[in-house]
Amino acid sequence: MNDAEIKALLERRISRRRAKDLLVALIKVPSPQTELLEEEPRLKAFITSAIEPRLRTMGFSDIRYDPVGNLIATYGAGASGKSLMLIGNAMNQPAATMPNPYDGDVVDGAAYGLPGECVMGKGASEQKANLAAMLHAMETVIASEIPINGQLIFTCCVSGETGKHDAIKSVVEGAAVRADPRPHRRVRHVKGSPCHSSRPWDGVNAITGATEAIRLLLDKVKVDKTHPQLGRQSLTVNHIRSFPESTHTVQERCEFTLDRRRSRERIRTTPSPRSSASPRRSSGSRIRLAARPMASRCGSGRTCIRRW
């Protein structure tokens, strides 16, 4: 079966109404973030009552849970050596002042400047729309009887809003679940040399180095592709932190997190004209830092950037 035949087969079964109905059903099962974080019982109840039964109905039989309550399901022959893992999350922001947060009301989108219908409810635009899309995609592929020679892995984690990595770490490291790498988040570290902030010339400020690295990165990396369904590519610095966490200290280390979203076209990079080394690529992607900062001591006391 070639790609065109598979596409035609899937398009006959993909249903906007089915995706909407799934989203409404998921919204009606509360799974809020509380002070218990990932230990909130309603998160596990959401997974066992709203996710697992649908997986079994569509044909998943290999379903298990890790010690923290994450669901792990696999499907396919597992003979090709290739795998794809879809990761969903149960946790949503608490209802707060939202009216009818768990009713799943369907309204006219015109009031919000949007065409067609809108589904209202807590988590609709956070985790549950993603889960509905994943569930419908998987049930469509399985119902179409398209041979899956590799392995399809679906996980629904108890995380979602806390910013912690404990849940997915439990899946990847604790339960040893692996798939072909398609990373979209990378943490980069900049190393400096600490000293007292009253004598900054005695050290190398990692914050200054990180600032320069971010500037070079955003200047060199091209994210100019769009996809009619997947939207625009993006590359965002969404977290930065420095160490040690003490006052009056020029920082020894700084880390920042890159969040990248790709369409079907890969993110392209423009090699730095000052770099003579081969491009450094992260696993499964063409994205790289145009300059990887390595702090060194300059006579002027400034942070120097060594380009790789």
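This is a predicted model: local features need pLDDT of at least 70, side-chain atom pairs count only at pLDDT 80 or more; totals for chains, interfaces and linings use all residues.
D202 has a relative accessible area of 34% and is classed as partly exposed. R199, with 41%, is likewise partly exposed.

The structure contains 13 salt bridges. One of them pairs the side chains of K164 and E38, with 3.5 Å between N and O. This pair connects distant parts of the chain, its two residues being 126 residues apart. K164 occupies the loop between strand 6 (151-157) and helix 5, whereas E38 occupies the loop between helix 2 (16-27) and helix 3 (41-58).

The two partners fall into separate accessibility classes: K164 is partly exposed at 37% relative accessibility, while E38 is buried because its relative accessible area of 9% is under the 20% limit. The pair also belongs to a network of salt bridges that links E38, K164 and D166. In general, side chains of opposite charge can pair when their charged atoms come close.

## Nonpolar cores

The largest nonpolar core comprises 38 residues, of which I51, L55, F60 and F154 touch the most other members. Several elements each supply at least two residues of this core: helix 2, helix 3, strand 2 (71-75), helix 4 (124-143), strand 6 and helix 5. When neighbours within four places in sequence are set aside, I51 is in contact with L26, F46, L131, L135, F154 and C156.

Another core, of 11 residues, lies apart from the largest one. Its members include V190, L217, F256 and L258. In soluble globular proteins, nonpolar side chains tend to be buried together.

## Cysteines

The count of disulfides is 0. C156 takes part in none, and the nearest cysteine sulfur, which belongs to C157, is 7.0 Å away.

C156 is buried, with a relative accessible area of 0%, and is one of the residues in contact with I51. C195 is also buried, at 13% relative accessibility.

## Surface features

Y112, L114 and M120 make a nonpolar surface patch of about 290 Å². Y112 is located in the loop between strand 4 (106-108) and strand 5 (117-119).

G174 lies in helix 5, which covers residues 166-174. With a relative accessible area of 63%, G174 is exposed, because this value is over the 50% limit. The C-alpha atom of G174 is separated by 7.8 Å from that of D66, although the two residues are 108 residues apart along the chain.

Definitions and conventions
Residues are numbered from 1 along each chain as its sequence is written. Side-chain values use heavy atoms; hydrogens and water are left out. Patches are made of residues with over 30% relative accessible area and no salt bridge: like charges are joined within 9 Å, nonpolar side chains (Val, Leu, Ile, Met, Phe, Trp, Tyr) within 5 Å. Accessible areas come from the Shrake-Rupley method with a 1.4 Å probe; for residues, only the protein chains shown count as cover. A salt bridge is a side-chain nitrogen of Lys or Arg within 4 Å of a carboxyl oxygen of Asp or Glu. Helices (H or I, at least four residues) and strands (E, at least two) are DSSP runs, numbered from the N terminus. Buried means under 20% relative accessible area, exposed over 50%, partly exposed in between (1.4 Å probe, protein chains only). A disulfide is a pair of cysteine sulfur atoms within 2.5 Å. A nonpolar core is a set of buried Ala, Val, Leu, Ile, Met, Phe, Trp, Tyr and Cys residues joined through side-chain atoms within 4.5 Å. Contact means heavy atoms within 4.5 Å.
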